[in-house]
Amino acid sequence: MTDQAVIDVAAAEDARDVYAPSANDIIDLMMGILADGLDHPEVWSQVGTFLEHLPDLPTALSSRIDRTWDVADRTKLVVLLIICFAARGQTAFALEQIEPISIQNSLSTLVQGAVFYLQSLADPENPKFDLSDRFCATPFRKFDVLDGSTHLCCASWIAESAGDLGAADQWQDVWNSETAQNIRASILDGSYRYCNKTACPQIGASTLPTKAEMAARSEKWRDIIENERSELPEGPERVTLAYDNSCNLSCPSCRTEKYGANSADRERFDRLQENAILPMLAHSQLVDVTGSGDPFASKNFRHLMQRLTAEDYPNLRFQIMTNGMLVTPREWERFPSLHDGRVSFMRVSLDAATGPTHETLRRGARWSVMLDNLAFISELRKQGQIGHLDFACTVQVDNYKEMGDLVDLGRHYGADSVNFLRITNWGTFSAAEYAHAAVFMPSHPQHADFLAAMQDPRLKDPIVGLHDLSGFVAAKAA
Ligand SMILES: C[S@@+](CC[C@H](N)C(=O)[O-])C[C@H]1O[C@@H](n2cnc3c(N)ncnc32)[C@H](O)[C@@H]1O
Ligand code: SF4
């Protein structure tokens, strides 16, 4: 909430004896604050107070919903009505009501913030819901560069763009833009209002350090936290390149068809790389290629990786995220800049432990090639060419039964970690298709089986990371 909005809420309360705001005045006030589409925990927690003074608030909200055709506004009004149920003690009912809205708006910071708030009411002792004293360093050290937007975290967790690096005079203008500073301020004020709270694995697994713990780590963090610095003199430590979607596969979770950049896109990416990415990386420690397509399928990323030599970028290390299908001995030889331990982390996405599931979920992949390449990658790890080998699985209805076997596969190929994350709707699914894929939703017909699969003892292996699925381990299979 902005300072002005805080004042307005207080003023509305103080002045109620004088002019007694109506339920509709309060709805206008709340809708004004929610207009930015961000999470507003301070609004959700005020609803109970408003209800005490204005018992007709739910009726006024219902009538406003009936008269509102704008989908985004209607969703906000429905969310407010659901929060009213929770404020009257009907938390379980409120959670039930918000679930279909949550599925349809899985990328909405506002809706997911409201879901998070309702979950906090249902589980008040759980420390993961109190972010007021937690600190997330990501927006202070990370930059995700997309085509036309730049984000201070993974773009599906902080959707708000800090600016377009391709259009900026210099990368510093975007790194310290007004929005970038607002995002950092929202971490410092504990609202985390730009963050998708149900999607962020750090929030989900309650792994964020406290501000005091972070401040004790170094003088830099102490200064940022104690002086509430949102403008940073130094550039990003870690840059994720995600502007080129070119890929050799077309996984249904990610895209509806195969994509390769055309020559106009390639020229644009060349300019972006020359003007902003290469100068910025001179100050960075880690470059992450890629969250958008595949590093070995993109001509631009291939060229860039070859330019980032140990001679010119001695402090830079690579994090490679790949579907693994192109990581053959012959390809590896074409990238000397990746050799000699410069790949500190390689994530291979493996959404299955069997051929049929892999070839369905990784459309265009061949399981036999994947197994050959995994053997080669495993060898690179043993030789120390790769510092850390990670397998990642996007959990969904078609693969949840293979999670335990995937841990065995990780052990077999010497993976240092095997990470499981929920599938989110990146716009490739209709609401019904996503509801079918999202087996972790309590209303899913196979949810009980999913809970049973989550109790597989192999998921307790120390190399396993469960992130936003960790809450299901303690749950008993129905
Ligand atoms: C988009 S891919 C890009 C890197 C590389 N091509 C790969 O597959 O690893 C990055 C990660 O996103 C995951 N992913 C794909 N679709 C997803 C979805 N709908 N929700 C969550 N993660 C998804 C992939 O499994 C992969 O681990
Ligand atoms: S391999 Fe990665 S980038 Fe390519 S389609 Fe699949 S998830 Fe998307």
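**Helix packing, ligands and loops**

Reply: Helix α7 (residues 91-104) packs with α8 at an angle of about 155°, their axes being 10 Å apart. Axes are lines fitted to C-alpha atoms, for helices over the stretch in contact, and angles run from 0 to 180 degrees between N-to-C directions. Helices (H or I, at least four residues) and strands (E, at least two) are DSSP runs, numbered from the N terminus. This is a predicted model, in which local features need pLDDT of at least 70 and side-chain atom pairs count only at pLDDT 80 or more, while totals for chains, interfaces and linings use all residues. Residues are numbered from 1 along each chain as its sequence is written, and chains are lettered from A and ligands numbered from 1 in the order in which they are written.

Me: How is α7 oriented relative to α8, parallel or antiparallel?
Reply: The angle of about 155° makes α7 roughly antiparallel to α8. Angles under 35 degrees count as roughly parallel, over 145 as roughly antiparallel, 65 to 115 as roughly perpendicular and the rest as oblique.

Me: Which residues of α7 and α8 meet?
Reply: From α7, the residues include Leu95, Ile98 and Ile101, and from α8 they include Val115, Leu118 and Leu121. Contact requires C-beta atoms, placed from the backbone, within 7 Å. The contact of α7 with α8 has 11 nonpolar, three polar and no charged residues. Ala, Val, Leu, Ile, Met, Phe, Trp, Tyr, Cys and Pro count as nonpolar, Asp, Glu, Lys and Arg as charged, and the others, Gly among them, as polar.

Me: And at what angle do α4 and α6 cross?
Reply: The axes of α4 (residues 41-53) and α6 (residues 71-87) cross at roughly 70° and come within 9 Å. These two helices are therefore roughly perpendicular to each other. Trp44, Val47, Gly48 and Leu51 of α4 meet Leu80, Ile83, Cys84 and Ala87 of α6. By class, that contact of α4 with α6 has seven nonpolar, one polar and no charged residues.

Me: Changing topic: what surrounds ligand 1?
Reply: Ligand 1 is surrounded by 18 residues, of which the closest are Ser253, Cys254, Asp294, Asn323 and Ser349. A residue is near a molecule or strand if its C-beta atom, placed from the backbone, lies within 6 Å of it. The elements giving two or more residues to the shell around ligand 1 are β5 (317-322) and β7 (389-395). By class, the ligand 1 shell has seven nonpolar, nine polar and two charged residues.

Me: Which residues surround ligand 2?
Reply: Among them are Cys247, Cys251, Cys254, Arg255, Asp294 and Arg362. The shell around ligand 2 divides into four nonpolar, four polar and three charged residues.

Me: Now Tyr194: buried or exposed?
Reply: Tyr194 is buried, because 26 other C-beta atoms lie within 10 Å. A residue is buried if 20 or more other C-beta atoms lie within 10 Å of its own, exposed if 12 or fewer, and partly exposed in between, with C-beta atoms placed from the backbone. Tyr194 is in the loop between α11 (178-188) and α12 (201-204). Not counting residues up to four places away in sequence, Tyr194 touches Leu38, Thr109, Ile158, Glu160, Ile183 and Ser186.

Me: Where is the cis peptide bond?
Reply: The bond from Val289 to Thr290 is cis, with omega near 0°. Thr290 is in the loop between β4 (286-289) and α16 (299-307).

How values were computed. Contact = placed C-beta atoms within 7 Å.
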